[in-house]
Amino acid sequence: NQFQAGKGCKRVLVPLNSRSVRQLLGQAAPFLKLGAASGGAALLAFLTQTLLARSLGPDDFGRFSAGLSLVTIMAPLACFGIGSFWLSVFGKEGWQAERWLVASLTYVRLSAGLVLAALAVWALYGPHDSTTALVILVLLIFVLSQIVMELVGVLFQLEENYSAFALWQVLPHAIRIALLALLLLLPVFAADLHSALAAFFLAAAAILVVGFALMRRRLSGQLALKGHGERPSAASSAPLQARLADVVRASLPFGLGGFAYLVYTQLNVVLVKYLGSDADAAYYAIAFMVMNAFLLLPNMAFEKILVPRIHRWYHQDLPRLKQVLGLSAALVLVTSALGIAVLWLSADLIARFFFGANSAPLASALLILMWSIPLRSLSLCFGSVLFVGRFIKLRLWIVLITLFVDVTLCMILIPNAATGDGASAAAVAMVSAESVMCLLFLAGMRHAIRHRERAP
């Protein structure tokens, strides 16, 4: 409802009119679109893995999964922080930030070349068989497609074109599963590893073709940048073009921060395997996957929808930024409480669904790890401000401190856990580290806002 001032000091309650309803739906539209896209992409990824596992068998599926995991981990290094840097610099400089584009693309080409060369050397000389080497070499194109996916996605975010961004997130999954179904299920093709590699290669090639077309159009003067007015005429402003060294220096903290955060979120599965057992790793991996399902909304909000606006509001409208952050924190606490309640009631059922009678360790890990939901959600909220300007260095230090806490606790707790409790020990380490990260991000956010308020 809306409140409208009446005569004197009296306020009269009036119903929502069609205009206010349209405004409300307009504000909710990005969340609905990207929510549907994220859910659809997750479902298609699950179906892809299921189809591969059932068609290839354990040996070939293991080779394929190992190769795909390797190139997936290396792909962010090929676009080392450029996407986050673009969001930051366009939020601060507006149209003037186009001066960074040429040098940024040169940087991406150089870093991608180094990553591809390193992967090729590993494929040819690493301690694996020739089939695994073939998998890695064929999937090198996947690295290039991931670069294009990230950069085009950032351009859509700068335009706040969430319909196109949502479709862009789903497109590679849809192409892959369509090609896999064609090559693995039709009797005219052989349902083997070579068919799976062909499907992933063709899907990545299609993303490259479409992505290059979208990038070329926007980077040649047709970017519809949102929130900074009309593009200034060429005669009115001709900013000095950034140098490659400037791009490397400015984007490096973003790349290091993103990679450190990726390691932090994925490392516990590896630690619990080597410090505990394979079974403990399986229990923790499933618990972590379930917990991440409840973080889909805050991840989508703070990493895809709000991040370009946060960069802009920090420099142009600080009161609005503080209002949005306060409201966001309250909302994630409410949704996190619902998530905890759901897991509290269903942990045993979820565990039995995956592992039947041997499900007790998974249920225990879930009941511990569920407390990460509000902590991670608030960290995403508070930490989003630290992507702005030089505060990215502070964010990097916070992530590194949290990573140190997590690894230290894992090394202490997991080896000393009782048989079958390694997953629970890793969950305790993660929740403790998440608490540290949440508090440090809160302090960092308050520091960033105070600094902006005191600026002349």
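1. **How to read it.** Because this is a predicted model, local features need pLDDT of at least 70 and side-chain atom pairs count only at pLDDT 80 or more, while totals for chains, interfaces and linings use all residues. Residues are numbered from 1 along each chain as its sequence is written, and side-chain values use heavy atoms, with hydrogens and water left out.

2. **Confidence.** The predictor's confidence in each residue is given as pLDDT, from 0 to 100. The protein chain has a mean pLDDT of 81, with 86% of its residues at 70 or more. Confidence is highest in helix 14 (residues 372–383), at a mean of 93, and lowest in strand 1 (residues 2–5), at 39.

3. **Overall make-up.** The protein chain has 16 helices and 2 strands. These are DSSP runs numbered from the N terminus, helices being H or I with at least four residues and strands being E with at least two. Of the 456 residues, 46% are buried; buried means under 20% relative accessible area, exposed over 50%, and partly exposed in between (1.4 Å probe, protein chains only). Among contacts between residues at least 6 apart in sequence, 78% join residues at least 24 apart. The chain exposes about 22300 Å², and carbon and sulfur atoms supply 68% of this area. Accessible areas come from the Shrake-Rupley method with a 1.4 Å probe, and for residues only the protein chains shown count as cover.

4. **Helix 5.** This helix has 20 residues and reaches 30 Å from its first C-alpha to its last, close to the expected 28 Å; the expected span is 1.5 Å times one less than the number of residues. Helix 5 is largely enclosed by the rest of the structure, because 17 of its 20 residues are buried. Just after helix 5, glutamate 160 takes a positive phi of about 55 degrees.

5. **Leucine 158, a residue to look up.** Leucine 158 lies in helix 5 (residues 140–159) and is buried, at a relative accessible area of 5%. What does leucine 158 touch, not counting residues up to four places away in sequence? Trp86, Leu87, Phe90, Ala224, Leu225 and Lys226. Proline 308 is 150 residues away along the chain, yet the two C-alpha atoms are separated by 6.2 Å.

6. Arginine 218, in helix 7 (residues 193–222), is buried at 10% relative accessible area. Beyond its neighbours within four places in sequence, arginine 218 contacts Leu155, Phe156, Glu159 and Leu223. Threonine 402 sits in helix 15 (residues 391–413) and is buried too, at 0%.

7. **Salt bridges.** The structure holds 5 salt bridges, each being a side-chain nitrogen of Lys or Arg within 4 Å of a carboxyl oxygen of Asp or Glu. Arg243, Asp246 and Arg249 are linked in a network of them. Aspartate 246 pairs with arginine 243, the closest N and O atoms being 3.2 Å apart, and with arginine 249 at 2.7 Å, N to O. Arginine 249 and aspartate 246 are 3 residues apart in helix 8 (residues 244–275), so about one helical turn separates them. Aspartate 246 is buried, at 17%, whereas arginine 243 is exposed, at 53%, as is arginine 249, at 55%.

8. **A pair between two helices.** Glutamate 434 forms a salt bridge with arginine 376, the closest N and O atoms being 2.5 Å apart. Glutamate 434 lies in helix 16 (residues 422–454) and arginine 376 in helix 14, so the pair ties together parts that are 58 residues apart in sequence. Are these two residues buried or exposed? Both glutamate 434 and arginine 376 are buried.

Methods:
Contact = heavy atoms within 4.5 Å.
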